[in-house]
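Here is a short report on a protein model.

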Amino acid sequence: MARSDLSAFYGPNAGYVLELYDRYRDDPASVDAATRTFFEESGFTPELAPPSSNGATATATAPPSVATATPPVDLDRVVAAAALAQAIREYGHLGARLDPLGGDPPGASDLELATYGLTEGDLERLPASVVGGPVAEGMPHAAAAIARLRATYCGTAGFDFDHIVVPGERLWIRDAIESGRFAQPLAPQAKRAVLARLTAVESFERFLHQTYLGQKRFSIEGTDILVPMLDEIVQGAALDNTREVVIGMAHRGRLNVMTHVLGKPYAAILAAFEGGQGRSATAPSDAAPDTTGDVKYHLGARRARTSEGDVVEVPLVLAPNPSHLEFVNPVVVGMVRASQDQRDQPGPPRQDVRGSVGILLHGDAAFPGQGIVAETLNLNCLAGYTTGGTIHLIVNNQIGFTTNSPDARSTLYASDLAKGFEIPVVHVNADDPEACLMAARFAMAYRATFFKDVLIDLIGYRRWGHNEGDEPAFTQPRMYAGIAKHPTVRQLWADRLVAEGVLSAEEAQGLQQAALDRLAAIRRSVTEGTAELPEDENPPRGERREVETAVPAERLRAFHEAIHALPAGFTPSPKLARQWERRRGILDAPDGKVDWAHAEALAFAAILADGTPIRLTGQDAQRGTFSQRHLVLHDAATGDTHVPLHAVPGASASFAVYNSPLSEAATVGFEYGYSVHAPGALVLWEAQFGDFVNGAQVLIDQFLVAARAKWGQEPALVMLLPHGFEGQGPEHSSGRLERFLQLWARDNIRVANCTTAAQYFHLLRRQAARLTDDPRPLIVMTPKSLLRHPLAASDLQELASGTFRPVLDDPLAGDAARAEAVTRLVLCSGKVAVDLEGSAVRAGTTSVAVVRIEQLAPFQNTALRAVIERYPNRAELLWLQEEPRNMGAWGFVEPRLRELVSQMGLELPIRYVGRPERASPAEGSAERHAAEQARIVGAAFADAPAVNGRSKRAPARDGVGTRGNGAGGGTTRANGAKTRTKAANRG
């Protein structure tokens, strides 16, 4: 090995090689043959070897031309210098000047010469090769190489990557840093361009601050360089042939990013500040009644693809985001994956990770503080969720609202969470534009090389309070005294360019004045009504149409055969093979019926044949929590997998099914983002148990149910929530139906709790058919015990004909004579209807009809009215549910039932049967559950009123309230408000 080749050994490697050489010199046989050959033939000996143990130097046996090249070197000093170099690479960021306000870096003793017993003189006597790496090239000695290494790792950027375990990645990062590949000095014209950009950013904020004093805008000031950094990243994406960039961020700096990165006109922003003074293109009275809008710093934006000369502007999307800060993270990642997936062919979707890039802007307090961040980072390398790397950028104000960093996190850096996911981090001083642009270029290059996440920690400050009406000096007086005196990054950059002779001070000042004058002129046009403002974008309101959901029996049989055919040589588990074979022959068996999972598979097959792609995810979604689905089969011998729905005859769209990580919030957010960005795809998320959906409550409240009203987005996500009281305790019984019904308004979602396989089949088919002209999220309370229950199975003909029916009348009361005998209508929804159907007293009770409400929201007035009118001797309505009174559908149904009965001109008592109000959904004891369930079912048939007789009511007891509507016992108030009888309050 020649002397120049020794740069391959640095840090511990160098020390190890020198230790081997010391052993070799004392006893050549003590090292292996390859090592002996290396030392004998490389020329290594005379350059680095200290005197041998007998006092002779190794130069005595070396070739003369090599032996006289350099004097002997102290081995201990070599090892120490190599250790110092390695420490600077690993911990140099601890000595970097990262705080623009001048705070001292934390430092580390590992970076000091004294820690290693070294002096500058020692380093000057050592060759540069002991430092290794690109920094050693061309250096006269180790002292010069160490100085260069410190300038690289301890400047205004700090590189944090010692946690990366893949050697190839570490080597690439080291080489990228030390070669200066992304830190080339800017040309004069590029420097002027950065100044122009910073001028636009600062002038916009200054104008808003002076013109709309005290109004919230969540200024970017203190991290102004963010905009040029985003420019750099976006342009890098365009050069990499990216089709789209999706950005997610909180409100800090959002208006500036919308204006200067996404190109939203100044006039549109100023009109929002002007409020009633500005003339909007759409008057408030013209807005759709289900449109509420949102504050200006939560809105999203889009920029279409444009080109000018050699510059191509890639399309940009800024995702809307509520004040829940980091919860937009999985939404953006889902949108990116939707953009990358090509879904127009059968089989799995084909992913192009270069097709779209996500950029997530985080807050320094929110990044370590909100668990959704860790959940989203965990998606990075998972097959169903990876996007080939997200660019993360912490907009670090060094403060959270009024909370200082030591009170906000347990780590040194705001970014330290990322280390657990092996994400390289670049910390950079926001007052050094060149270092910041270097970090942006580095991030894009890393992503393009390794297709993994990368993070920039942009350390700046916040010039004003949390919002512009807040006084930060109350809680951070010293920090804000320093900020008040601190020049802006634009001023610092302008001063530097003036000193370098790039432009004059007058030119720099003229740029800012021109920007302020332009903003003032635009504001005048807004207040005078002459500004051209973009039209408000409200979602289209097309007329709802009936859709055909039935599939001819012969097509269903073809799908059935394809689903159950196994590839040659494929051997599933013997137990599953028996089940598979039995289901394969079910359609030809006497009284053969289609169960729930079978109907789902047939619905999926028909949807794929219609050209609609499907994506299904969830914990254990491939097999199904209850071992019912098996849409991915595993070969018992080889472990190979087979996806039956990849071989659907006539399919013209992709099918994907993924097991998700053990997360609700991030995975629901991801699928929501995928749904809004892939409007023609049927996207389904399944909870392991419906009870666990409350782990995603923020995504449901702030995004899923409100996005249409706030932002004009059109989600159509299907949520499958296993629900049903079966004695499994409080955490395995309830999909929290009541919460979705409470959130329903203005037709924003659809909520179903169907009871047969055919109903589920038609429901899925209807949802897929309405994706393009009437999209809405669909919430389905799916069964557990009903998955294989014979009363929930359906004939093939029920799939081949008909459609989804939101209300199912009692089949036992189909003829007129039987209908005349009915005095009590029991209305119910979901699994409890099957409990009633299977009750021992059901068949012998002719005065009770059981009506199933299969779709709860929107409430089915017309269908339910038609059912009620079928029973001429109806004497009372009874709502029966297995959920507690303050849960389930009762709170939603009761006022609507009363209104419907009133509109029909009837005076029918409306009673409740179910569990009493409770804080916890279900009993923890199977015995208590069975007793309670038996009581509820029994109450449905007990003491029904006689035909043409007065209404008789069962005695009010635990959970069985007595309610009136102008007749009989109980009390009621207007608009469905209620007072409970003393008896109904027991328990």
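What percentage of the residues of the protein count as buried? Of its 987 residues, 57% do. Buried means under 20% relative accessible area, exposed means over 50%, and partly exposed lies in between (1.4 Å probe, protein chains only).

This is a predicted model, in which local features need pLDDT of at least 70 and side-chain atom pairs count only at pLDDT 80 or more, while totals for chains, interfaces and linings use all residues. Residues are numbered from 1 along each chain as its sequence is written, and side-chain values use heavy atoms, with hydrogens and water left out.

**Overall**

The protein has 34 helices and 27 strands. These are DSSP runs numbered from the N terminus: helices are H or I with at least four residues, strands are E with at least two. Contact means heavy atoms within 4.5 Å. Among contacts between residues at least 6 apart in sequence, 79% join residues at least 24 apart. The accessible surface comes to about 38500 Å² (Shrake-Rupley method, 1.4 Å probe; for residues, only the protein chains shown count as cover). Carbon and sulfur atoms hold 51% of that surface.

**The second largest pocket**

Rolling a probe the size of a water molecule over the atoms shows where empty space is left. A pocket is an open set of points on a 1 Å grid over the protein atoms alone, where a 1.4 Å probe fits, with protein on both sides within 12 Å along at least five of seven lines; lining residues have an atom within 4 Å of a point. The second largest pocket holds about 760 Å³ of space. Its volume is the space filled by probe spheres set on the points, which are joined across faces, edges and corners.

The lining counts 28 residues. Nearest the centre lie Asp-99, Gly-103, Asp-104, Gln-398 and Ser-405. Helix α16 (405-408), strand β12 (454-459) and helix α18 (477-485) each supply at least two lining residues. The largest share, 4 residues, comes from α18. By type, the lining has 12 nonpolar, 10 polar and 6 charged residues. Here Ala, Val, Leu, Ile, Met, Phe, Trp, Tyr, Cys and Pro count as nonpolar, Asp, Glu, Lys and Arg as charged, and the others, Gly among them, as polar.

**Salt bridges**

Side chains of opposite charge can pair when their charged atoms come close. A salt bridge is a side-chain nitrogen of Lys or Arg within 4 Å of a carboxyl oxygen of Asp or Glu. The structure holds 46 of them, including these:

| Salt bridge | Closest N and O atoms |
|---|---|
| Arg-243 with Asp-352 | 3.0 Å |
| Glu-714 with Arg-708 | 2.3 Å |
| Lys-831 with Asp-835 | 2.9 Å |

Arg-243 and Asp-352 form a salt bridge. This pair links distant parts of the chain, 109 residues apart. Arg-243 sits in the loop between α10 (226-239) and β2 (244-248). Asp-352 is in the loop between β8 (350-351) and β9 (356-363). Arg-243 is partly exposed at 38% relative accessibility, and Asp-352 is partly exposed at 25%.

Arg-708 is buried, at 7% relative accessible area.

Lys-831 and Asp-835 are about one helical turn apart, because 4 residues separate them in helix α31 (residues 831-837). Lys-831 is buried at 8%, whereas Asp-835 is partly exposed at 23%. Elsewhere, salt bridges with shared partners join Arg-915, Arg-918, Glu-923, Glu-932 and Arg-935 into one network.
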